[in-house]
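Thanks for coming. I will take a few minutes to walk through one structure, starting with a sheet and then turning to charged side chains.

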There are 2 protein chains.
Amino acid sequence: MLFRQLFDAESSTYTYLIADRTLKQALLVDPVLEQVERDRQLLNELGLTLKYCLETHIHADHITGTGKLREITECLGIVPENAQIACADRWMKDKEVLQLGNVIVEAIATPGHTDSHFAYLVNRKAILTGDALFIRGCGRTDFQSGDPGTLYDSVTQRLFTLPDETLVYPGHDYRGHTVSTIAEEKQYNPRFVGRTPQSGSLRDRSEFITFMTNLNLPNPKKMMEAVPANEQCGNV
Amino acid sequence: MLFRQLFDAESSTYTYLIADRTLKQALLVDPVLEQVERDRQLLNELGLTLKYCLETHIHADHITGTGKLREITECLGIVPENAQIACADRWMKDKEVLQLGNVIVEAIATPGHTDSHFAYLVNRKAILTGDALFIRGCGRTDFQSGDPGTLYDSVTQRLFTLPDETLVYPGHDYRGHTVSTIAEEKQYNPRFVGRTPQSGSLRDRSEFITFMTNLNLPNPKKMMEAVPANEQCGNV
């Protein structure tokens with residue numbers, strides 16, 4: 001398997017390129033519109049055919065590159081089953097598996113940041129957590145039908161139950177981290193783990209909800225542009 | 001082995017945390033002053049003792065975190081043998097090996113960006129190329145005793161001669177790439193490989209020198225501050 005983490009500095013978004021080296025077929029998770037040319041060039045140089053673009057969710061902070069990549073490569077655009085994206089080619093179900101040669105991608109429904117968010121487990125070794133779980137953080141829950149209680153359940157029941165050594169590759173990072181593990185996040189993620197009274201103990205669901213409800217963050221700069229564009233597969 | 005790539009967004013610098021999981025001992029390559037608290041927290045959370053901070057060279061675009069980390073952790077600051085850093089604890093020689101449990105770091109003299117630049121080969125699998133070789137690029141050669149002919153020789157004779165599958169982890173990236181391979185850079189790095197007349201053929205040394213000599217880049221914003229500070233191990 002070939003695995004490449006790619007970064008969009010403007011939106012601090014990670015895109016993931018995953019490919020079967022023998023088949024020479026690839027998929028991208030959460031491509032960014034402004035990086036399509038970079039990604040296309042890398043695919044070409046590596047001799048890879050792009051088969052799928054997967055979205056973890058409908059993004060509010062950047063426009064997806066899926067629409068443009070689909071025009072260029074004829075790949076399929078795949079989204080979570082509840083995502084209201086009429087132009088998608090395929091909707092994945094919870095626990096559904098997408099296979100590309102020796103690359104096995106399992107969808108894990110992880111709503112809360114949005115109501116149709118999926119994480120993707122790659123070869124049971126790495127989990128692409130989108131905006132459900134960041135390294136020592138998590139996505140906000142105050143728009144796009146977000147719900148903090150739902151996010152708490154997704155992270156604690158669907159992600160923290162993965163094997164400790166599973167590598168965590170987030171949808172964003174704002175401090176320069178690239179990867180973590182489930183063990184680390186279960187022990188040190190301050191959104192989910194209390195430092196007092198017992199370090200390492202999970203926060204109560206109600207405590208998490210109160211914290212997330214009181215974040216009072218400004219809306220993402222591109223939100224009014226990005227959400228409608230992403231509902232059109234990024235065709236702007 | 002534990003291997004973590006860390007990013008400083010302001011200077012687009014990659015720092016590398018490498019550790020022996022059993023010994024619980026770590027080294028950092030090219031730490032950044034503004035990220036010392038992030039790095040210290042990560043070391044603490046992973047239960048790692050910092051033994052060494054290695055510099056690939058005297059940086060002109062950011063101030064090293066080595067001095068501050070040395071105060072906090074009592075690690076040793078290690079620099080290339082020709083680097084004029086009187087406060088360093090140790091000067092590595094070309095081909096010298098630094099061992100930390102099952103982590104083997106081999107120094108590879110790769111001058112040209114500066115006159116005392118080293119790359120570090122980790123367990124013969126990954127090469128930390130500093131500013132000698134970037135993903136599809138290379139460091140500039142127009143100050144700090146840089147020399148384009150010397151850089152050409154370093155990259156083509158010391159780096160491109162490594163096994164094709166060696167992972168390339170650069171000191172910077174400005175387009176969101178995180179990793180490459182020697183095979184890829186030998187084939188697609190536009191600074192060293194001509195697209196015409198024969199795609200994939202190495203550029204002449206003289207062609208590279210002419211190109212690098214005519215880049216006419218502005219000086220790095222922090223240069224006047226960073227170089228003297230780094231000659232003092234980042235103690236500002």
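First, the ground rules. This is a predicted model, in which local features need pLDDT of at least 70 and side-chain atom pairs count only at pLDDT 80 or more, while totals for chains, interfaces and linings use all residues. Residues are numbered from 1 along each chain as its sequence is written, chains are lettered from A and ligands numbered from 1 in the order in which they are written, and side-chain values use heavy atoms, with hydrogens and water left out.

Now the sheet. Helices (H or I, at least four residues) and strands (E, at least two) are DSSP runs, numbered from the N terminus. Two strands count as paired if DSSP finds at least two bridges between them. In chain A, six strands make an open sheet with mixed pairing, in the order β7-β8-β9-β10-β11-β12. The edges are β7 (97-100) and β12 (180-181) of chain A; each has a single partner strand, so one side of each is left without a neighbour in the sheet.

How do β11 and β12 of chain A pair? Strand β11(A), residues 167-170, runs antiparallel to β12(A), with two bridges between them. Across from V168(A) is S180(A) in β12(A).

Helix α3 of chain A, residues 148-159, lies across β8 (103-109), β9 (118-122) and β10 (126-130) of chain A, at about 140 degrees to β8(A). Contact here means heavy atoms within 4.5 Å. Axes are lines fitted to C-alpha atoms, for helices over the stretch in contact, and angles run from 0 to 180 degrees between N-to-C directions.

On to charges. A salt bridge is a side-chain nitrogen of Lys or Arg within 4 Å of a carboxyl oxygen of Asp or Glu. Over all chains, the count is 31 salt bridges.

One of them joins E37(B) and R40(B), with the closest N and O atoms 2.6 Å apart. These two are three residues apart in helix α1(B), residues 36-45, and so separated by about one helical turn. E37(B) is partly exposed at 43% relative accessibility, where buried means under 20% relative accessible area, exposed over 50%, and partly exposed in between (1.4 Å probe, protein chains only).

Another salt bridge is D153(B) with R205(B), at 2.9 Å from N to O. That pair links distant parts of the chain, helix α3(B) (148-159) and helix α5(B) (205-213), 52 residues apart.

Last, a network of salt bridges links R4(A), E45(A), R136(B), E184(B) and E185(B).
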